[in-house]
Amino acid sequence: MDLDLETFVKQIEGIPVPIIDTNRRYWLVRTQSGEYYEEFFHDNFVGIGWDDLDFNVLTKHEYNESLLELIKIKYPDEKQPGRILSQLKRFSLEIKINDIVLIPSAASNFLSFGVVETDVYKAEINDEDILDGACPFQKRRTVKWIKTVRKNEIDPYLYKLLNSHHTITDATAYDSFIDRTLHSLYVKGNETHLVLEVKKKDNIPYLGLIKLLNTPVELLPIVEEFTQEEIKEENLDIKLSLQSPGTIEIIYYTSPLVLIGLGLVLHYIVGGSYKGNYSKTESEQSVSLESTSDGLLEKWLKFRKQSDSQQMKLLEMQKVLSRLEVTTPKELKNLPVSEELPKGQ
């Protein structure tokens with residue numbers, strides 16, 4: 001499908017839903033066992049060594065046998081000159097502006113993610129700075145860092161990537177795990193991804209997990225109603241990574257309306273955009289909801305038009321999501337929510 005979704009995004013209360021280029025690539029750049037991690041991060045760049053090789057030669061696309069011979073001359077003790085050639089080619093030619101780079105700190109205690117902002121350039125570094133411990137790498141690219149994750153928060157599927165000891169590793173095969181680390185609601189190609197974080201640290205009760213997995217499914221009829229989109233079962237996928245804490249990733253193919261709508265519904269339920277009371281006697285049961293979302297909740301959920309049973313179901317969903325400490329997309333965090341919701345009650 002066409003990726004001309006900018007107009008659509010603006011129409012939904014200004015929600016900043018990222019639209020990711022399917023051609024974007026991802027790279028792990030080593031930091032000399034963490035030695036240059038702080039400098040890379042605070043000075044907004046990544047760099048690569050082998051500075052005895054002329055910078056101008058490396059930017060002329062002359063990655064051939066003559067350059068390989070030059071590497072052998074400049075670095076006679078290097079047992080794998082072809083590896084140097086490959087790493088330099090990746091850094092100078094293959095990495096593109098808007099690609100994503102990852103840099104690990106010492107022992108991978110932190111993993112930072114950034115967007116490449118420039119082509120390769122040559123930095124002027126004086127000997128005094130190098131003696132003081134500055135990074136000596138002249139070949140650099142400017143990077144805008146967008147997120148840093150602690151070791152215990154790194155997606156488990158990225159551990160294998162971090163075991164790579166190449167100076168630069170093509171991490172594009174891990175794109176889905178990196179994307180869901182950076183975004184919790186985004187569109188890529190014909191797929192929309194909604195990522196729910198389960199923050200509960202101790203054991204997740206079996207019945208609680210079943211209710212949690214059923215919650216998005218039970219909300220789909222509401223989503224289908226206000227988006228006017230027919231939700232097709234074969235277009236809906238789910239990926240689980242529940243280690244307490246963990247993630248639930250929901251994927252819908254074709255229309256982005258479906259999961260953006262679902263994200264909004266969950267945001268208002270978890271965030272507390274309404275408060276409710278439930279009472280039950282021998283003769284009857286009733287529920288009342290009061291919206292506190294300045295019109296957005298009425299627009300999206302239409303609570304006043306729903307039956308008591310539907311409203312009670314929403315209150316039960318609220319309890320489940322609260323008990324398991326589920327957080328909804330950060331892309332929705334600036335939307336209005338109520339502070340009056342009695343969490344977990």
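**Close-up views of a pocket and a helix pair**

View 1. By class, 7 nonpolar, 7 polar and 8 charged residues line the largest pocket. Here Ala, Val, Leu, Ile, Met, Phe, Trp, Tyr, Cys and Pro count as nonpolar, Asp, Glu, Lys and Arg as charged, and the others, Gly among them, as polar. This is a predicted model, where local features need pLDDT of at least 70, side-chain atom pairs count only at pLDDT 80 or more, and totals for chains, interfaces and linings use all residues. Residues are numbered from 1 along each chain as its sequence is written, and side-chain values use heavy atoms, leaving out hydrogens and water.

**View 2. Where helices H4 and H5 cross.** The axes (lines fitted to C-alpha atoms over the stretch in contact, with angles from 0 to 180 degrees between N-to-C directions) of H4 (residues 65-74) and H5 (residues 81-94) come within 9 Å and cross at roughly 120 degrees.

**View 3. Who meets whom.** Look for Leu67, Leu68, Ile71 and Lys72 in H4, which meet Pro81, Gly82, Ile84 and Leu85 in H5; contact means heavy atoms within 4.5 Å. This contact has 6 nonpolar, 1 polar and 1 charged residues.

How values were computed: Helix = DSSP H or I, 4+ residues; strand = E, 2+ residues; numbered from the N terminus.
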